[in-house]
Amino acid sequence: MEISLGLQSLRLLLALLLGLGTGLLYDLLRPLRRAAGIAAAAGLDALFCLLTGTGIFLFAMGAGDGKLGQWELGAALLGFLSWLHWLSPFVLPFFEKIRRLFAAGLTLCKKSIKNLFHFTKFFFQKLH
């Protein structure tokens, strides 16, 4: 049974989009990996592998006969490398700024909670 040219093109396009999505996921996790310690970075690497493997598995199960051909794998790799080469230099600084803003917000929350605890301790010590 042969597959139509339109269906083959659709599968290649979906594989390319899977590769682009993998590149996006890689760039989302990259600022977190840089800021984290070794153990946390290893956990983020494992998360990346798990999500990417799951995406490729689901894509393969949706393909004909439950297997990927070399062209689909090549298209996914092309999408991933295209993301890293052409889109990542523009998107990664944005994600890094978001991470810094989030870290600054967490630091501010931590200081506020710490000040609240100190005030509460001071206030209730004066009641006795």
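How many disulfides does the count come to here? Hi everyone, let me start with that one. What we have on screen is a predicted model, and the count comes to zero disulfides. As a quick reminder, a disulfide is a covalent bond between the sulfur atoms of two cysteines. For the count, two such atoms would have to lie within 2.5 Å. While we are on cysteines, here is how two of them sit. Cys49 is exposed, at 52% relative accessible area, and Cys109 is partly exposed, at 46%.

Now let's zoom out to the fold. The box filled by the C-alpha atoms is roughly 85 × 30 × 25 Å along the principal axes. As for burial, 23% of the 128 residues count as buried.

Helix α1 covers residues 5-35 and helix α2 covers residues 38-62, and they pack at about 170° with axes 10 Å apart. Since angles over 145 degrees count as roughly antiparallel, that is how α1 and α2 are described. Their contact includes Leu14, Leu18 and Leu25 from α1, and Leu44, Phe48 and Phe59 from α2. By class, this contact has 14 nonpolar, three polar and three charged residues. Among the charged ones are Arg11 of α1 and Asp45 of α2.

Definitions and conventions:
Residues numbered from 1 in each chain as written. Predicted model: local features only at pLDDT ≥ 70, side-chain atom pairs only at ≥ 80, totals over all residues. Heavy atoms only, no water. Axes fitted to C-alpha atoms, helices over the stretch in contact; angles between N-to-C directions. Helix = DSSP H or I, 4+ residues; strand = E, 2+ residues; numbered from the N terminus. Parallel < 35°, antiparallel > 145°, perpendicular 65-115°, else oblique. Contact = heavy atoms within 4.5 Å. Buried < 20%, exposed > 50% of the residue type's maximum accessible area, 1.4 Å probe, protein only.
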